[in-house]
Amino acid sequence: MPPPKDVVKIAIQMVGAIPQLIELQQTKPLASVLKDVCDAWSLPNAERYALQYADGRQTYITESNRRDIKNGSILRLTTSPDQEAERLYIGIQSKNVDVKTDSLRKLASLSQDVTFAQEFISRNGLRQIYSIVEEGNDAGEMLAHTLKAFTELMEHDFVSWENLSTVFIKKIVSYVNMNAVDASIQQLSLSILENMVPTSRLLFEVVKKEVTLDRLLTHLQATNAQLQLKAMALLIALLLSATDAERRNMMDYLREKNIRQFIHKNIIHSCEPLGDEMAHYLYVLQSVSLNLCEHRMKMSMDPYSQEQRDLLQSLRQTAFELESEVPAGTFSTERRRSLCAKEFRKLGFMNNSNPAEDLRRAPPGLLALDNMVYFSRNTPNAYSRFVLENSSREDKHECPFARSSIQLTLILCEILHIGEPCSETAQAFYPMFFGQDNFFEELFCICIQLVNKTWKEMRATQEDFDKVMQVVREQITRTLSLKPTSLELFKTRVNALNYSEILKLRQTERLHQEETLAVPVLELREKLKPELLALIQQQRLLHLCEGTLFRKISSRRRQDKLWYCRLSPNHKVLHYGDVEEGVQSPPIESLPEKIPVADMKMLLVGKECPHTKEKSSGKQNKDVLELAFSIVHDMEEYCLNFIAPTRYEFCLWTDGLNVLLGKEMTSERTQTDLDVLLSMELKLRLLDLENISIPDEPPPIPKPPSNLNFCYDFSHAEQ
């Protein structure tokens, strides 16, 4: 008798017949199983039949995926994939409109299954789909099913996108460019082009030429949220596949067309909540835009470039306009050179005789010079006030404008991740980025004035320069973490977070740290830990019971299908299954797939996961590695692979799964939550000891008294 792990109890349905309840032996060939099932229903030609799941995606059962069948699964006896592929291949060529439409509808559904897709493609089925699209005789529902089927078949990567004909591509493009086309067809067409763009340079150039940015902007302004999303997806695909020069030209054109204002008003602040997919695209658009500064950031100043020298001289002339108006013949060359050096020193350059040397460091390179020039030209009053105010201070107390600008530019580049590749999953964009033209330069203008303000508050000298810049970095990062919606709000909040406030925050954090380092407090912490860890474990399991929406990531596309996973209320089974876009929290009954917790053997994370080993090791996959985890089940033979939407979700899920496996919670979030809970509990317990120093050692126990005569004898009182 085979071991229990090789036997699963399942139900098999067939239309018009009483279901069969069988024990499926996993070691028995699938053909033999089908023969037994068909014999029970007196069906001849068992080779013409196949089993598929009755619920969910209705995947065909094959020798390669049969181990995924769980106890209690409901299967259905249906036509085999090769028979179904042959039938639909003939059906989509039918002259009867109803037969053809029905065949295309069924094809669009079945093409998600890899076994069926392989059979259909082997019959040259894609050629028939090409013909339907290229001939252009069909429209409406029939065309939508055709495009859907094509998209699903291409997802399996059996056929290269480069094999598509020019006629087919232009037909897809025409659906995007025409106005009188159903929105569902335009969505599918945009999705096809989005998949096409990253596969080859030739296809990128074709799509870029045929689908203009103006047309994409028109779709972005549509009221249909899905059409808007697909248009944004194609725009991002084009930007990511373009060369640096092409990307710069595209971004310049989009800027001229006021895409920023439209996104800020109609997408970020629309009445509809912003979805994860759109949030990611806005993050990428922000990242691509900011990375246009990378070229200047990495370019050192060339002292022989007249253009760069003129920019440098303009800083001096704007700040010391009256002195610059003195006729050239008034001073000798040596005297004028000495005067210029003095003025550059007042501007805060370290090397006042040759200020270009200060800008040789890259990063921030010429980007620092650009920022200084922008500040002097767009806010001349603030610029003059900064320079002249510091010129009148004592030498040791003056805030060096140029040196501060160079360091501040570097700090902003690090905070905004300029020069770093776009993450494949990140969604963290700054709403205020889309609320302001010349965002980086305007942010610099606010922050350089903050530097001067903080310098005065700290009463700093030249020796305190690094300390001041550390405080400024802290002011900026703390304010950005609040996600201000506009630069004006950022300016208000960052100025309110003055040096005294920073000191208070630091002091609070330091006192808290010192308070918790006393030996008795450390002992109390250790006693409280088990109870609080149990509380964190309970929270993690509750989060798993609520479930999370995950996205599958394929090698060609950033994000693929949506699926949901959640833990049963009794913590014994993981339920999961594919869901449609927009579904937030599907009921547990609608998730067809199951993994008993008892069958879970191990948790893998990062590079150990099988789905990350299949992907390339490029820079853009680094963030995917940080979010990947897999559950190994059934004697380490099968894995359920996850890509968490955020690092927060990754921590909660890996912790929860470790709890189910009886292991320790190892994520950084566990330590953070434990520290917060310990801090709160300790503060509550130590309330009565406020302003009382806690000794490291307990006080000594006094010696017993020489006699106990002070004790009252109650026996005498009773008498």
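Let me start with the open sheet of four strands, which has the order β2-β1-β4-β3 with mixed pairing; strands are DSSP runs of E of at least two residues, helices runs of H or I of at least four, both numbered from the N terminus, and two strands pair if DSSP finds at least two bridges between them. At the edges, each pairing on one side only, lie β2 (20–25) and β3 (49–53), and from one strand to the next the twist averages 40°. This is a predicted model, in which local features need pLDDT of at least 70 and side-chain atom pairs count only at pLDDT 80 or more, while totals for chains, interfaces and linings use all residues. Residues are numbered from 1 along each chain as its sequence is written, and side-chain values use heavy atoms, with hydrogens and water left out.

Strands β3 and β4 (residues 74–79) run antiparallel and are joined by five bridges, and Tyr-53 has Leu-75 in β4 as its bridge partner. Helix α1 (residues 30–40) packs on this sheet, touching β1 (7–13), β2, β3 and β4, where contact means heavy atoms within 4.5 Å. The direction of α1 makes about 100° with that of β3, with axes fitted to C-alpha atoms, for helices over the stretch in contact, and angles running from 0 to 180 degrees between N-to-C directions.

Turning to the cysteines, how many disulfides does a search of the whole structure find? It finds zero, a disulfide being a pair of cysteine sulfur atoms within 2.5 Å. For Cys-399, the nearest cysteine sulfur, that of Cys-447, is 13 Å away, and for Cys-445 the nearest, again that of Cys-447, is 9.5 Å away. Cys-399 counts as buried because its relative accessibility is 2%, where buried means under 20% relative accessible area, exposed over 50% and partly exposed in between, with a 1.4 Å probe and protein chains only. Cys-445, at 4% relative accessibility, counts as buried too.
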